[in-house]
Amino acid sequence: LQGQLEHRDSLGHGEILRPGEMQWMSAGTGIRHSEFNPSKTEPTHLYQIWLFPRERGLAPAYAQLAFPEADRRDRFQVVAAGDGRDGVLPIRQDAVVSVADLTPGTTLEEPLDSTRRTWLQVLR
């Protein structure tokens, strides 16, 4: 949400995550990683969620993508999905993760599927 987060792992990835970027990592059969604020002066504010994979013993994996802010302004933007639809992060679970940035006073509605569970997290 703010600042930067540096990621390093035993798969050889070394990336800096910035606002508007999403990162997915699946530890699978084993991975070592570290994440830290690379700045000595700028604070980092992030949101991290953990989802259990649909099956055990998968190979470790990592991906990071940037998502344009305009695509989530006053609407939901899918950033991760179990089926990897439309080039989003391909999480290993029957789940969909969406984000939205609302301008003050904006109302956003999304129809919910009564056969699924839904979690809404307000970040700011």
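1. A polar contact is a pair of N or O atoms within 3.5 Å. In this predicted model, the side chains of serine 26 and arginine 92 are joined by such a contact, at 3.1 Å.

2. Serine 26 belongs to strand S3, which covers residues 21-26. Its relative accessibility is 9%, and buried means under 20%, so serine 26 counts as buried. Apart from neighbours within four places in sequence, serine 26 is in contact with Ala59, Pro60, Ala61 and Arg92.

3. An open sheet is formed by three strands, with antiparallel pairing and the order S2-S1-S4. Strand S2 (14-17) and strand S4 (33-36) are the edge strands, each pairing on one side only. From one strand to the next, the twist averages 15°. Four bridges link strand S1 (residues 5-9) to S2 in the antiparallel sense, and leucine 5 lies opposite leucine 17 in S2.

4. The structure contains six salt bridges. One of them joins the side chains of glutamate 69 and arginine 73, at 2.5 Å from N to O. Glutamate 69 is partly exposed at 45% relative accessibility, as is arginine 73 at 32%.

5. A salt bridge also connects arginine 85 with aspartate 83, with 3.1 Å between the closest N and O atoms. Arginine 85 is partly exposed, at 35% relative accessibility, whereas aspartate 83 is exposed, at 54%.

6. Aspartate 94 and arginine 116 form a salt bridge whose closest N and O atoms are 3.1 Å apart. This pair links distant parts of the chain, 22 residues apart: aspartate 94 is in the loop between strand S6 (77-81) and strand S7 (96-99), and arginine 116 is in the segment after S7. Aspartate 94 is exposed, with a relative accessible area of 53%, while arginine 116 is partly exposed, at 38%.

Methods. Residues are numbered from 1 along each chain as its sequence is written. This is a predicted model: local features need pLDDT of at least 70, side-chain atom pairs count only at pLDDT 80 or more; totals for chains, interfaces and linings use all residues. Side-chain values use heavy atoms; hydrogens and water are left out. Helices (H or I, at least four residues) and strands (E, at least two) are DSSP runs, numbered from the N terminus. Buried means under 20% relative accessible area, exposed over 50%, partly exposed in between (1.4 Å probe, protein chains only). A polar contact is a pair of N or O atoms within 3.5 Å; within protein, one must be able to donate a hydrogen and the other to accept it, and residues adjacent in sequence count only if both atoms are side-chain atoms. Contact means heavy atoms within 4.5 Å. Two strands pair if DSSP finds at least two bridges between them. Axes are lines fitted to C-alpha atoms, for helices over the stretch in contact, and angles run from 0 to 180 degrees between N-to-C directions. A salt bridge is a side-chain nitrogen of Lys or Arg within 4 Å of a carboxyl oxygen of Asp or Glu.
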